[in-house]
Amino acid sequence: MDDDYDFPLGDQKQYPHFDAPISRRKIRQLLRDFEAGPDRAFYPFFRYEQSWQPYRLEGEPKPERKTREIRYGARRDAYVFAFYRRKLARLYEARLAELGIADCPIAYRQVRKGNGAGKCNIDFAKDAFDEIDRLGDCVAVALDIRKYFERLDHRRIKRVWCDLLDVDELPADHYAVYRNITRYRTVDQREVFRRLGFFGPKFVNGQWIEGFLRPYRDVPKKLCSRQEFEEKICGKGPGAAPSLVVVNPNAYGIPQGAPISDLIANFYLMEFDTVMAAYARERGGTYMRYSDDILLILPGGRTEADAAIAFAIDEIRRHGPELRIKEQKTCVALFRRAGDQLDFEHVPQHPDEPNKNGFEYLGFRYDGRRVYVRDSTISGFYRKVATAANSEAAKLVAANPTRGAADLIGAFDFSLFSQRFARVKRTKLTDDYRSWTFYTYLKRASRTFGSKGDRILRQASGFPDFVRSRVEEAITTRVAKRRAPEPENTA
C-alpha cells in the first residue's frame, strides 16, 4: 500500500554520517526498491560513549560516574529500519490484543488514555501507584534485566519475527533487516571524524587540546565519498589505514538506538509477558514491563515477593542464555493499610542496599501517601542545566575576549536562559512531551497525581538560585582560563 511509504520521517535526519540527506520522494523510492530487492549494503553504526557525573544533592555522597554507549545509523539505513518497524508493529499490536496482554509491555508503544491522548511515564507511574492503592495490603517488586538490548538471542529474535509474519523463513527483505540489526557493524564516531580530518589537536586558550577543527555545525552532512569510506574507514586498498569497522561477534545483542531495536526488545519477550501476566492475575495482582524494567504488584507480603522474584528469575532464563535479572537492582516494597492511608516499608534485598523512603518507578517515588519526583531525576535535571550553563558561558566569553567576569555576568540574560528549562504559559502545556521543559514536566506530573503530587513543584523551588550560581561559576572559570599564559617558544 502506498500509505506504507508515507509514515512520519521526523527531522529527516540531518546529522553528519556516511550518506547524504535525501528528499521524501527519494526515501519512498528507496523503500520500494529495498522491498523489491534488498541487495544494498548497510553502513556501520556510529558508536560513542556518553558519560556524565550525576549531580550530588546536598548532604549526599558523590554518586558513581555513569556511562552509556550510543549507536546511530546512516540515514538510508535508519529509514529502512523505521519502515520495517512500522510493518512489524502492526502485527505485534494485533498479537498483544489476541494474547490479552496489551496493557503489559508499556514502553515504545502508543498506549492511549480514556480521552484518546497517549500515555507517558507519568501516566504509567500513576497506574502503578493506583494499583497499590487499590490492593492496599500488598507488595511491589521491581526487577531489572541486565544489559537487556546487548543480550537478546539472535535465534529467538528470528523465531519470533517469523511467528509474527506467520512464515517458516524470513522473506529476503525482512532477512536483510534482521541480518543487519543482529550482525551489525560499528565505527567509533570520534575516530571517524579524526580519520577524515574533522577532529584533532588545536590550540585554544593557551593550550593544546583535542576537538573539532571546525565548528560542528559546519561538518558536512555527508562526511566522505564512497571511495574515501572504503579506503579511510574500511581499510581497503593499497596503503590504506587499518579498518575502523567492528562487527558484532556474538550470537546475541542488538544496537540500542536503531529505529527498529525498541520493537524487537518488546516482541522478544511476548511469551515472557504472557506468562508473567498470568502469574500476576492468578494472584489478584498486576504485571507491567517498561523495556527492561519489570514490575509486579501482588497482594501479600515478603513470602509473595520472594516467590515472585524466584519465578521471574527462572522464567527469564528460558528466553535466552545471556538474559539475567540484575539482582543488585531488585527492589521490594511493602504497603500496609493505616486507616485511610498506606504505610510504606522498604525490604532490602542485599546487605549493601541503601534504605529507601518510597517505592521508585519510572522516575517517581511513592511512599503510600505522597508522590515525589525521584532524587536522581532532579539531579539529572540539574546536570543538564550545569552543562548548558558551561556551554553558554564558553560562547559568551569567546565572543567578548576583553570583558571581565563581573561585566559578563551582568550582561548575561538569566531570564532567557531559564526559559529553556523552567516555566511556560499554562496554555502551552500540551500532550506532546517533546515540547515540555522540566518545569512543564513537573507541572504535568503534579496535575496528574492530584493531591498526592502536591509536593512535586516544591522539589525544584531552588531552581533560580541554582541557575545563577552555575552560570556565574562557569563564566568566572572561563575568564580565568582565558588569562592563562601562552606557552614558551622553544624553537
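In the predicted model, three strands form an open sheet in the order β12-β13-β14, with antiparallel pairing. The edges are held by β12 (359–361) and β14 (371–373). Each of these has a single partner strand, so one side of each is left without a neighbour in the sheet. From one strand to the next, the twist averages 30°. Three bridges join strand β13 (residues 364–366) to β14 in the antiparallel sense. R365 has Y372 of β14 as its bridge partner. Helix α3 (residues 121–135) lies across β12, β13 and β14. Its direction is at about 10° to β13.

The second largest pocket holds about 670 Å³ of space. Its lining comprises 18 residues. Nearest the centre of this pocket lie V204, N205, A394, A398 and R478. Four elements each supply at least two lining residues: β5 (199–204), β6 (207–212), α11 (375–399) and α15 (463–482). Helix α11 gives the most, with four residues. By class, nine lining residues are nonpolar, seven are charged and two are polar.

H174 is placed in helix α5 (residues 172–182). The cut-off for a buried residue is under 20% relative accessible area. H174 has 6% relative accessibility and therefore counts as buried. Beyond residues up to four places away in sequence, H174 touches Y84, K87, L88, W161 and L165.

How values were computed:
Residues are numbered from 1 along each chain as its sequence is written. This is a predicted model: local features need pLDDT of at least 70, side-chain atom pairs count only at pLDDT 80 or more; totals for chains, interfaces and linings use all residues. Side-chain values use heavy atoms; hydrogens and water are left out. Buried means under 20% relative accessible area, exposed over 50%, partly exposed in between (1.4 Å probe, protein chains only). Contact means heavy atoms within 4.5 Å. On a 1 Å grid over the protein atoms alone, a cavity is a set of points where a 1.4 Å probe fits but cannot get out, and a pocket is an open set with protein on both sides within 12 Å along at least five of seven lines; lining residues have an atom within 4 Å of a point. Grid points are joined across faces, edges and corners, and a volume is the space filled by probe spheres set on the points. Ala, Val, Leu, Ile, Met, Phe, Trp, Tyr, Cys and Pro count as nonpolar, Asp, Glu, Lys and Arg as charged, and the others, Gly among them, as polar. Two strands pair if DSSP finds at least two bridges between them. Axes are lines fitted to C-alpha atoms, for helices over the stretch in contact, and angles run from 0 to 180 degrees between N-to-C directions.
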